[in-house]
Amino acid sequence: MTSDHDTAARFGRRDLLRAGGVLAASACAPTWAQSGSAGIAARPEVSGDDIHLRIAHQMMTIDGRRRHAIGINGSVPAPLIRLREGQTVRLHVENALDEESSIHWHGLLVPFHMDGVPGVSFPGIAPRSTFTYQFPVKQAGTYWYHSHSGLQEQMGLYGPIVIDPATPDAAAPAREHVILLSDHSQLHPHTIFRKLKQQGGYFNYQKQTLAGLLAGRDQPAGERRAWGKMRMDPADIADVTAATYTYLVNGHGPRDQWTGLFAPGERVRLRLVNASAMTTFNVRLPGLAMTVVAADGLALRPVTVDELQIAVAETYDVIVTPDDDRAYALVAESVDRSGMALATLAPRVGMRTAAPPLRPRPLATMKDMGMGAMAMGGGEATPAHDMTDHDMAGHQMGGHAAAGHEMGAMNHSMRDFANAPEVKRSPTVQTIAPMPVDRTGEPGQGLADVGHRVLTYRDLVAAARNPDVRAPDRALRIHLTGNMERYMWAFDGEKLNEVTAPFAFLENERVRVTLVNDTMMGHPIHLHGHYFELVTGHGEHAPRKHTVQVQPGGTVTFDLTADAVGDWAFHCHMLYHMHAGMMQVVTVRPRGEGAA
Amino acid sequence: MSVTLALALAAAQMQGMDHAGHMPGMTMPMHRPAATPKPKPRAVKRPTRHRATAMPMPEVAACSPEHAAMGHCEAPASIPATGPSEPCPPEHAAMGHCTAASRDAMASGTALPVGNAPAPAAPAPIYADRVWGAGAMAPARARLRQEHGGMTFTQVMLNIAELQPRGGRDGYRWDGAAWFGGDVDRLVVKSEGDGRFGTRTSGEVQALYSRAIGPYFNVQGGVRQDIGANRRYAVAGVEGLAPYWFDVEATAFVSDHGDVLARVEGYYDQRITQRLILQPRAELNLSAQQVVQDRIGAGLVDAELGVRLRYELHREFAPYVGVSWERAFGATRRLRGDDGGAVVALGVRAWF
C-alpha cells in the first residue's frame, strides 16, 4: 500500500483532486472503505477468533487535505470487523495513545464487563497497554464499534462490524457495501465542546435574520416575536454543522466521492451505519428505491422507501437494484441541510455524479416544541390519534393523567414541572414539553413534505416474532431535558455528574419505557447490552432496536426485557450531549439479590 | 492492569454466566485462575433461561423477509405485508380510545397493556467491581461522572473595546467579562470604563461568584474596585437572558463609605445577515445619594445609549462601527460640568 505521505508528495493538491482524491484518500483507508470498492464480500478486513486492533494517532486525507485523526491499525474509519454468528471472538486492543481509551461494540449483546464503557463496565484501557475483549457472538447483522473514552470517537475512532449468520443466507445479495457515515472537523473535539458551552449557536450559520424577514423567508414577524418571547430558536436544528464538519462516506469527503461498484441489474445490499458524533442524516439515492430489510442489525419485513432518516448510532440494511449502466448518487444530507455526505454507486471506477443541491433547511415547529396536537405553524402531518390522546404515557403512570383530557384548561407554559413530576427543577431544564406526542409515525424533521416515500418507525415490523411477548410489569417515564443557552443536557434534569441513583431493573423484568423529549432537538437514545421493542402498533412483531431517535417535542415508547445482568450505559448518542451529562447507568440485578 | 488476569477473570465470568450451553461453536478457555480469592458472584452464576429466547435469528433463517420479497420463498402466513402506519396503535386501543385495526391483533407483545408492579430499589451501580475490583473501578467511575457534565470552562468576552475620535480629545471605552467554572457555579470577573487619552481614566473591576438560578438567569455577588479612585464596593446583581433575547443585567453596589449605587444595562443582537449584527445597548447608573468627591448626584446619574454594527469575521472576532450617546443628569451633570453628547465609536468585539 502506498503511504499517504508519498502520494501527497508526488502530486499537488489540485492534481490530487483532478486525478481523483480517490487514490490519495484511499491509501490509508481499509479495503472495504476504498473508493472503487467492488464490495466487502470480496475481502473482509479483520476476522477470525483472534483479532488485533491498535489504537493510535495518525493522519488522514479528506478531499485532498491532510487532517489529524485517531485510527485503528492505521486506518480511519477503523477496519471492518467481520464475524460469524456463533463464534467466540477475542479482540486484543492495544492502546498506543498517551491517554485512556476503550472500544464499545455498539449493538452487540456481550457480557456487561466486555461492553467497553470506562467507569461502567470496566476500568478502561490504560495508555500503552493492551486489553483483551472476549465474548460469544450471539447475533448477525450490521453493527459498529467506537471509543467510549473522552471525545475520541469524533477524532476517527469508529468502524463497522458485519456479522454473518450462522446459516449462510443463500439468497442474500451477492454484492454488498458498507456505507459508514460520519462527520469530521478540523477543530479538536474539546474545542467544539468549549465553543458550544460558550455560545450554543456557535456553529449555526442558518439562523433567522432581518434580511430573511424582509425577503419573506422563514417565519413572519409575528411568529418570530412569539418564539423570541419564549427564547426559542426555530433554526436550531443541529448543534454542530457543516460550518466545521465535512461529512464522510467510508472516510471520504464529498469531493473524493467514494465509489462502490455494481453490475447493472444486480441487487446490492447497502449496510448503512451512522457513525457520526453529532449528525442526523437523511439518506436517499435519487432514482433508486431502497428496500429496508434490517434495522439495528435485525431483520425486518421489507419496506420500500425513497428516503430514510438515520439517527446517530443507528444502522439500516437496505437493498437497491440499480438497473441502468450509469452512476447513482448516494446522498446523505445533514438534518439541518448545511451539508451532505456524497458517494457514488457506479458500474465502473471513475464515474462520478453531480451532487444535488441542498434542500432548504427546515424550521422547528410548535410541535417540535412539545405543543403536540395544538401545533399551528407546523405543516407536518399529525397522526389523527394524537389529537385525542397526546398524553398516553400519563394515563399509564396513573398519577399523571391531569393533562390528558383537559384540552381547554391546558397549561401551555413551556416550563411547567407539573407536566413532568419526574424531572428535577434545575437550570438544565430550559423547557418541558406541555403536550408531547408520539411521533414515531412521522419521518423526521424536514421530511414531511419532500414529495416521496420516507421511512417512519411505524413502518418497521420485525421479521421474527419478538422473543419476549409478555405484558410489561410496570411503566417508566424518562424525560430528555436540555438547555441550549447553557449547552446543558440531561435525563430528568440531572446530569450524570449529579445523578444519585441509576435506573434500576430486575433481571427479566419487562418494563414499558416512555422517553419524553422536552427539548427542541432530536436525541438518539442508546441502551447498552439490550434490544427493546418499539411500541408502534405491531404486537409481537415490534421492531427491536438498540438506539432510538426521539423527535423534538415527541415521545417514543418501548418495551424492554432487562435480561442482561450487570451495569449498562444509557445515553444520548449525540457525543456532546452525552459529554454534557445526558447519560445514566442502567442496573439489572438478579431478583432477590438486594440492593448491591 | 494485568491482561492475563483480565482474560482469566473474563473467562471465569463467562463460565459463570452459563453461556456455553447456548452458544454453538463457542470455545471457552478451560483454565481457571488458580489464585482468585474473589468468589464468583452469585448473581451471574444463575442460569439465565432467558438468553436462549433472546436470539431471534433462528426464526428468520427459514425465510428471511428480503427473500420472501424476491419471491424466493414464502414468508410465514401470519405475517401481513407492511402497510402504512397503523391508525390505531394497540396501546391506545387498550385504553379504549379507538378500535385496533392492526392485522396483528392477537393482543400480544407490545399490544398488551402495562402492569403496575412497583419499581425495584436502586442499587449502587458498582457491578463491575465484582469483576475488576473496586480499586480499579473507583477512579474510572469518578472520571466518568466528572467527564459527563462536571467539566469546567472559561470564556473571556470583550463586548466593547473601542476608540471614540473627538477631534484631538479622543476617548476610549471598554466593557467585558470573563467567567471560569461549571454550568452552575462560576467565578466572574467584569470590567468596564472609559477615558480620554492623556487625561483621566475611570473604570472598575468586579470579582463575583455567579450561580445559575434558572435556565436563563444567574445571581452574582462579590466586590468591585474602582480604577482611578480609591473606592471599593460590595456587589449583588442578577444577569441573564430575558424574553425576546435581551441580555440584561441589574446590579447594586454598596461602597465602603456606605453609599448605595445601582446599574441597569442591556443589549440586543439583531442579526441582519448571518454575520452582520446590529447591537443596540443601554446602560443607566443610579445613586441613592449624592457623592460629591466622585461627582455623583442623587437619582439618575448618567446614561449611555449605543448602537454598534459589527461584522463577524469569526464568531470570536467582529470589528464594528457605532454611535454612542452619553449624558449625565441632574446634580451629576452640574458636578461634572459636561453636557455629554454623541460620539462615533470604532472597535472590536472579541472573545475566546
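Mentor: Start with the area. In this predicted model, domain 1 and domain 2 of chain A bury about 1500 Å² between them. Carbon and sulfur atoms give 68% of that area. The size of an interface is often given as the accessible area lost when the parts come together. Three residues stand out on the domain 1 side. A:F112, A:V120 and A:L151 supply 33% of the area that domain 1 of chain A buries against domain 2 of chain A.

Now the bounds. Domain 1 of chain A covers 4-169. Domain 2 of chain A comes in two segments, 392-444 and 456-589. In contact terms, 19 residues of domain 1 of chain A meet 20 residues of domain 2 of chain A.

Next, the polar side of the account. Between the two domains of chain A, 12 residue pairs are in polar contact, both residues at pLDDT 80 or more. Salt bridges are another matter: across the interface of domain 1 and domain 2 of chain A, the rule finds zero. Which strands of domain 1 take part? In chain A, β6 (104-106) and β8 (141-146) each supply at least two residues of the side that touches domain 2. The largest share, three residues, comes from β8(A). By class, that side of domain 1 of chain A has nine nonpolar, eight polar and two charged residues.

Salt bridges do occur elsewhere. The structure holds 63 of them over all chains. One joins the side chains of A:R589 and A:D567, at 2.9 Å from N to O. It links distant parts of the chain, 22 residues apart. A:R589 sits in strand β32 (residues 583-589) of chain A, and A:D567 in strand β31 (residues 566-572) of chain A. Side chains of opposite charge can pair when their charged atoms come close.

An unreviewed UniProt entry lists "domain: Plastocyanin-like" for residues 58-166, 241-343 and 472-590 of chain A. Take two of those spans. Residues 58-166 of chain A are 0% helix and 45% strand, with end C-alpha atoms 36 Å apart. Residues 472-590 of chain A are 5% helix and 54% strand, with end C-alpha atoms 17 Å apart.

One backbone detail belongs here too. The peptide bond from A:V76 to A:P77 is cis, with omega near -5°. A:P77 lies in the loop between β3 (65-72) and β4 (81-84) of chain A. Most residues other than glycine have a negative phi, and most peptide bonds are trans.

Terms used: Residues numbered from 1 in each chain as written. Chains lettered and ligands numbered in written order. Predicted model: local features only at pLDDT ≥ 70, side-chain atom pairs only at ≥ 80, totals over all residues. Heavy atoms only, no water. Domains from an automatic or database assignment. Contact = heavy atoms within 4.5 Å. Buried area = accessible area lost by both parts, 1.4 Å probe. Salt bridge = Lys/Arg side-chain N within 4 Å of Asp/Glu carboxyl O. Polar contact = N/O pair within 3.5 Å; in protein donor to acceptor, adjacent residues only side chain to side chain. Helix = DSSP H or I, 4+ residues; strand = E, 2+ residues; numbered from the N terminus. Nonpolar A, V, L, I, M, F, W, Y, C, P; charged D, E, K, R; others polar. UniProt positions renumbered as here; feature names shortened; annotations may be inferred.
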